[in-house]
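Here's a quick briefing to read with the structure open beside you.

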Protein chains: 4
Amino acid sequence: MSGSTFGELFRVTNFGESHGPAIGCVIDGCPPGLALTEVDIQGDLDRRRPGTSRHVTQRNEPDAVEILSGVYEGRTTGTPICLLIRNTDQRSKDYGNILDTFRPGHADYTYWRKYGLRDPRGGGRSSARLTAPMVAAGAVAKKWLLEKHGTTFLGWMSALGEVEIPFESAEHIPHNPFFAPNAALVPTLEAHMDALRKAGDSCGARIEVRASGMPVGLGAPLFDKLDADIAYAMMGINAVKGVEIGSGFGTVQERGSQHGDELTPEGFASNHAGGVLGGISTGQDLVVRIAIKPTSSIRLPKPSIDRQGQPTVVETHGRHDPCVGIRATPIAEAMLALVVMDHALRHRAQNGDVQLAVPPIAAARPGTP
Amino acid sequence: MSGSTFGELFRVTNFGESHGPAIGCVIDGCPPGLALTEVDIQGDLDRRRPGTSRHVTQRNEPDAVEILSGVYEGRTTGTPICLLIRNTDQRSKDYGNILDTFRPGHADYTYWRKYGLRDPRGGGRSSARLTAPMVAAGAVAKKWLLEKHGTTFLGWMSALGEVEIPFESAEHIPHNPFFAPNAALVPTLEAHMDALRKAGDSCGARIEVRASGMPVGLGAPLFDKLDADIAYAMMGINAVKGVEIGSGFGTVQERGSQHGDELTPEGFASNHAGGVLGGISTGQDLVVRIAIKPTSSIRLPKPSIDRQGQPTVVETHGRHDPCVGIRATPIAEAMLALVVMDHALRHRAQNGDVQLAVPPIAAARPGTP
Amino acid sequence: MSGSTFGELFRVTNFGESHGPAIGCVIDGCPPGLALTEVDIQGDLDRRRPGTSRHVTQRNEPDAVEILSGVYEGRTTGTPICLLIRNTDQRSKDYGNILDTFRPGHADYTYWRKYGLRDPRGGGRSSARLTAPMVAAGAVAKKWLLEKHGTTFLGWMSALGEVEIPFESAEHIPHNPFFAPNAALVPTLEAHMDALRKAGDSCGARIEVRASGMPVGLGAPLFDKLDADIAYAMMGINAVKGVEIGSGFGTVQERGSQHGDELTPEGFASNHAGGVLGGISTGQDLVVRIAIKPTSSIRLPKPSIDRQGQPTVVETHGRHDPCVGIRATPIAEAMLALVVMDHALRHRAQNGDVQLAVPPIAAARPGTP
Amino acid sequence: MSGSTFGELFRVTNFGESHGPAIGCVIDGCPPGLALTEVDIQGDLDRRRPGTSRHVTQRNEPDAVEILSGVYEGRTTGTPICLLIRNTDQRSKDYGNILDTFRPGHADYTYWRKYGLRDPRGGGRSSARLTAPMVAAGAVAKKWLLEKHGTTFLGWMSALGEVEIPFESAEHIPHNPFFAPNAALVPTLEAHMDALRKAGDSCGARIEVRASGMPVGLGAPLFDKLDADIAYAMMGINAVKGVEIGSGFGTVQERGSQHGDELTPEGFASNHAGGVLGGISTGQDLVVRIAIKPTSSIRLPKPSIDRQGQPTVVETHGRHDPCVGIRATPIAEAMLALVVMDHALRHRAQNGDVQLAVPPIAAARPGTP
């Protein structure tokens with residue numbers, strides 16, 4: 001039971017290793033009739049793929065997706081959609097020395113202890129490369145949610161190491177390699193990364209991701225709260241160490257009189273809740289932030305042990321992202337889309353398609369909490 | 001599909017509402033042969049129950065648990081264990097006025113939009129009272145994990161509103177109503193709460209919870225990472241808005257050279273990872289922190305709307321915790337125990353009972369990351 | 001993982017043992033707004049309960065159901081519905097001698113080997129008494145399906161041992177203790193049972209159960225075929241050894257030219273398929289038959305072994321049904337209703353509530369295949 | 001939620017359509033360390049594949065399997081195993097006329113009603129071709145079960161239409177195209193098929209499949225009984241209309257004194273139970289029989305309707321099996337192996353690897369019940 005399926009009703013089963021012949025996923029439960037071709041998916045894959053700037057791994061893969069099933073004459077049939085991405089640039093020699101040692105901060109030690117053996121090539125199953133099929137599946141979810149509910153997803157980087165990135169405009173995000181919503185800060189970010197690379201070190205990042213145009217009523221009261229499933233999805237992304245919704249950790253120091261978002265005939269007056277109350281979506285923007293740890297694979301030598309328990313020193317060469325957070329934005333968007341998609345289907349299983357007659361409450365107001 | 005079952009192999013199905021006749025849960029998948037009586041469960045329930053100090057709700061319930069099934073002559077039989085807790089102090093009149101209005105920060109609005117109707121008595125299903133069956137189930141998991149693996153769980157409050165609570169000693173925790181690991185600060189906390197109550201307001205809190213004596217190898221590579229399931233479990237607790245593991249959000253500003261915990265022949269030299277690498281337990285302490293929002297039910301009046309979308313003002317009387325975080329410590333322990341329990345069973349499903357022959361690496365070192 | 005939850009979206013978790021304090025179930029995922037009281041459930045429970053004629057066990061229990069949660073002011077709220085049935089007539093002494101020996105045909109041996117211990121009182125978890133909560137849950141499903149889709153369920157006995165019971169009229173079914181659709185045969189059935197009881201032996205039975213007014217399109221192409229889930233549900237009933245749909249085993253000797261049901265503008269011209277094609281409902285009646293083995297608990301002595309592997313002889317006294325098939329009819333109806341209910345929710349998760357515009361094909365024609 | 005995943009812990013997710021680019025499956029939860037190459041899988045695929053005799057479809061495909069993930073240096077790693085089979089002989093033109101009409105006995109009508117559209121090429125997802133990935137996954141399960149428990153699987157044809165095939169010897173099975181355990185009857189079976197083909201018609205079949213060397217204690221008391229999961233697995237195979245275990249429908253006419261298998265110090269004295277008591281394996285052979293309906297695609301013209309509900313006549317040309325039961329034997333073996341595999345993992349999740357100390361009861365005795 002290796003935990004490779006995401007979702008209850010829009011089920012995505014992920015397979016593959018970094019340096020095997022292929023990676024991919026099978027989406028089970030997609031509604032029929034959705035117009036879908038590889039073009040709909042490739043866009044988000046291109047946003048995530050390596051080799052697009054000098055600040056990410058120089059592994060060079062087109063990440064071209066092939067739809068193997070579930071689509072007939074350009075429309076989903078309601079049966080499983082298999083998405084395949086061939087691995088084309090596996091230089092296994094880069095990783096030869098890691099078979100016998102455990103890189104600090106890596107999954108080497110835990111995989112070996114869990115399974116008794118591991119695929120060391122490029123990190124095998126623990127590689128961030130396995131997020132590519134999730135981005136592909138997320139693109140399918142995004143398309144259905146946009147067409148059905150008008151829901152959209154947007155992520156950006158809000159901190160790169162100690163550099164805070166104030167939100168200026170969503171228009172800046174696609175025009176720099178950091179997904180930064182602030183054009184003026186891009187030279188600072190470039191300089192920060194160049195210095196890190198020169199030092200052979202790596203840094204963390206914070207990503208913010210939002211869903212707008214949310215249907216009201218998604219989520220469940222107890223365990224499968226919408227925010228609980230978001231936390232699960234986000235913490236499942238490689239290198240994520242923290243997740244917060246709405247006010248998040250800031251809520252510790254808030255007062256109830258301040259935190260509880262007022263309802264007005266025109267909608268909620270604020271969004272400290274981050275779009276979820278009692279585990280169920282309010283219709284406001286979902287507001288999610290995640291903390292991403294610094295890349296574990298660094299050039300600087302670090303003491304460790306080998307499989308015999310003897311001391312050794314590990315230096316990681318090869319091609320690595322000096323900040324894995326840089327490519328995390330489209331991944332976080334995809335995971336959020338998968339959660340919302342799954343809950344949209346779950347909601348209509350129990351409650352049907354018909355929306356309740358509701359008073360004219362404007363669903364959402366933009367802006368941070 | 002209302003999301004009321006937690007876990008894959010140690011499955012806990014929760015039922016009940018705050019003011020219905022009873023709450024409880026069914027545990028399916030418990031290993032047979034575990035010695036179990038109500039006494040094993042009542043202790044943690046008593047730590048969580050209301051009415052134990054002036055700082056929590058004055059609702060007065062014994063929360064006495066009854067084992068209805070799955071135990072024969074004091075041992076679990078491997079079949080479902082039903083735990084029942086009768087509700088005995090429901091004063092429905094306290095909540096009469098909330099049927100038609102939506103309390104800011106509450107689930108009133110979202111339940112009504114999702115289901116078209118709701119049980120308003122005491123918050124119905126959204127009440128924190130529904131954490132009692134989880135604490136009961138967690139006590140069963142704790143007992144098995146202690147006997148089988150020697151694993152223990154410990155939680156405490158690390159911040160009450162703006163008051164930070166430095167860790168002094170675990171010995172202080174059971175001796176104050178806040179689960180504070182610092183005796184000297186208790187008067188400050190008491191004063192803080194008294195002022196809040198006088199003001200008719202509420203505040204947030206931060207809880208830390210740890211598992212020690214962890215088996216190595218629990219978790220799964222991709223989605224069902226141990227930390228992802230922890231995030232899901234914690235964010236599923238009422239009022240939680242943030243979860244972090246190990247360095248958590250602090251990791252954003254760490255360097256890779258600093259964050260990656262060194263392995264030595266005597267064990268890991270630090271625990272920035274919080275006990276999880278690549279989604280799998282390292283054997284070190286699991287280190288988890290959660291942010292809890294201020295109670296939404298406050299005496300101060302707040303503007304809101306009614307079911308017709310018309311403006312109104314909400315004042316909440318009745319019995320409420322001015323800081324829901326105060327009773328959250330045993331809940332967080334229980335949820336962490338349920339996650340570890342489930343993964344312990346999942347691990348042996350795939351890998352069997354036999355431990356790998358391993359070099360003598362000390363598994364854990366105490367202390368914060 | 002003791003397999004006590006039935007269904008994916010209308011999830012029924014069953015708990016209890018024959019001679020414990022109570023049995024019951026938790027229904028998770030019930031659509032909100034369904035009018036529901038104990039009265040809606042008690043009717044089917046009364047059809048199933050023991051002690052109603054001299055041909056079934058003389059255990060005398062009212063099987064009174066109590067709704068503990070999930071219903072507010074007579075309507076389901078969408079949250080878990082806990083149904084509790086207290087055990088009131090446990091005469092444990094009847095079963096004292098079976099703790100150390102294995103009754104032939106019983107679960108005694110397998111439970112002991114699986115779990116290392118077992119609750120021997122009345123068969124513990126293996127007792128047919130555990131079908132009562134399924135009948136209760138089935139009553140909820142039946143009510144929703146009737147109101148939403150007009151679907152109805154009807155079962156009857158079609159063979160008692162070697163006595164075939166030709167279908168005369170559904171009107172006879174409620175007027176005899178056998179659920180026989182043939183009044184003229186009732187004296188024969190009475191005589192058959194009296195002879196068996198005198199001989200201290202037991203016999204098998206065949207039950208037929210149908211759903212009429214079926215929605216078209218329920219089921220899934222591959223594994224979760226509607227008929228596959230029906231087979232799973234039926235074979236899960238105590239003592240069932242065979243399941244067939246439509247022509248069933250008779251299909252082995254049919255020709256394709258004969259078996260394939262013709263479609264006409266007025267509907268299907270026959271129903272060899274039993275209401276399912278390719279795993280998906282056609283809208284015709286679901287036609288299901290099950291074979292039930294003779295009760296294992298008989299008065300006649302049988303050789304067996306004890307827990308030390310030594311030969312012994314087992315005679316079972318106490319209160320037993322000489323044909324467990326007699327009370328199986330309402331159980332089979334309930335299980336069929338649960339399958340249809342679950343697939344109704346699954347269908348609308350993926351396909352929404354809206355029915356396709358279809359040509360005027362009459363959905364069903366009555367009559368056996 | 002299109003029901004394309006089989007199993008709880010050894011989870012097989014199937015994808016593909018008859019005439020798409022590829023079919024395949026992803027196995028999640030396979031224990032690590034199992035030696036596995038394509039050769040281990042290809043053998044069973046070759047037993048199932050088309051074109052091997054004149055009595056099955058002349059579609060000519062090598063059904064060559066490719067392992068895309070989950071295996072490193074010839075051993076399973078514990079991560080998902082993706083098995084891919086490219087489709088190489090899709091003659092879509094053969095099926096052009098079926099887009100607008102509904103073939104009697106086929107899934108054409110139900111798919112169209114469920115999804116609003118369908119892939120008509122070769123039956124799309126409803127094609128028996130989709131059993132190939134199940135056979136592949138079953139081969140992996142068989143290998144693990146053989147190595148771990150010594151369990152083996154054997155199926156055969158016991159009736160072809162009205163021709164009963166008495167069991168002579170397992171040695172005959174691999175030496176004729178029918179999987180018949182009786183060499184003397186093969187000419188009769190050949191003649192039967194030749195006559196059918198000449199007539200443009202098709203016939204049904206009955207298959208028996210057994211597991212020997214079964215571990216004791218697999219299965220669960222209530223819903224996930226081993227036999228219930230077997231029924232689900234078997235009824236999920238294309239064209240299956242009936243399933244029975246042990247005495248099956250014959251049990252209706254048995255007496256309790258006859259049916260209950262005696263236990264002796266040397267083992268059970270008979271096997272009417274078919275290897276399952278109370279839903280849990282006894283250690284005896286699992287004995288399963290299934291009824292397979294005649295192929296729906298026949299050359300003989302049949303009246304039907306088109307998508308506008310107008311009368312039409314359907315004649316199916318193209319390449320079809322005149323008896324789909326002929327190739328069903330390896331499929332039934334594979335499905336039985338998948339059920340046993342899943343329950344083997346589920347058992348050790350709850351009960352661990354250690355076998356109970358048991359008295360020397362010989363587990364199984366061969367022979368029909």
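## Helix H1 of chain C

In this predicted model, the buried residues of H1(C) pack against strand S4 (65-67), strand S7 (81-86), helix H3 (132-149) and helix H7 (328-351) of chain C.

- H1 of chain C covers residues 38-48, and its buried residues are C:Ile41, C:Asp44, C:Leu45 and C:Arg48.
- Look down the axis of H1(C) and those buried residues fall within an arc of 105 degrees, so they line one face of the helix.
- What sits on the face of H1(C) turned away from the buried side? That's where you'll find the exposed residues C:Val39 and C:Gly43.

**Chain B against chain A**

- On the contact itself, 97 residues of chain B touch 98 residues of chain A.
- Helix H5 (residues 226-235) of chain B gives the most to the side of chain B that touches chain A, namely six residues.
- By class, that side of chain B splits into 41 nonpolar, 37 polar and 19 charged residues.
- The copies meet through the same surface, because 100% of the interface residues of chain B are also interface residues in chain A.
- Strands take part too: three bridges join S11 (residues 240-245) of chain A to S11 (residues 240-245) of chain B, and the two run antiparallel.
- In that pairing, A:Val243 stands opposite B:Val243.

**Chain D against chain A**

- Chain D also superposes on chain A, by a rotation of 180 degrees with 0.0 Å of shift along its axis and an RMSD of 0.0 Å.
- That is the relation of a two-fold axis.
- The same surface serves both copies here, as 97% of the contact residues of chain D recur in chain A.
- This contact takes in 33 residues of chain D and 32 residues of chain A.
- Sorted by class, the side of chain D that touches chain A has 13 nonpolar, 14 polar and six charged residues.

- An open sheet of 10 strands runs in the order S9(C)-S8(C)-S10(C)-S16(C)-S11(C)-S11(D)-S16(D)-S10(D)-S8(D)-S9(D), with antiparallel pairing.
- Strand S9 (163-164) of chain C and strand S9 (163-164) of chain D stand at the edges, each with a single partner strand, so one side of each has no neighbour in the sheet.
- Within chain D, five bridges join S11 (residues 240-245) to S16 (residues 286-292), and these strands run antiparallel.
- One pair to find on screen is D:Val243 with its bridge partner in S16(D), D:Ile290.

Note on methods
Residues numbered from 1 in each chain as written. Chains lettered and ligands numbered in written order. Predicted model: local features only at pLDDT ≥ 70, side-chain atom pairs only at ≥ 80, totals over all residues. Least-squares fit on C-alpha atoms with pLDDT ≥ 70 in both. Contact = placed C-beta atoms within 7 Å. Pairing = 2+ DSSP bridges. Helix = DSSP H or I, 4+ residues; strand = E, 2+ residues; numbered from the N terminus. Nonpolar A, V, L, I, M, F, W, Y, C, P; charged D, E, K, R; others polar. Buried ≥ 20, exposed ≤ 12 C-beta atoms within 10 Å, placed from the backbone. Arc of directions from axis to C-beta.
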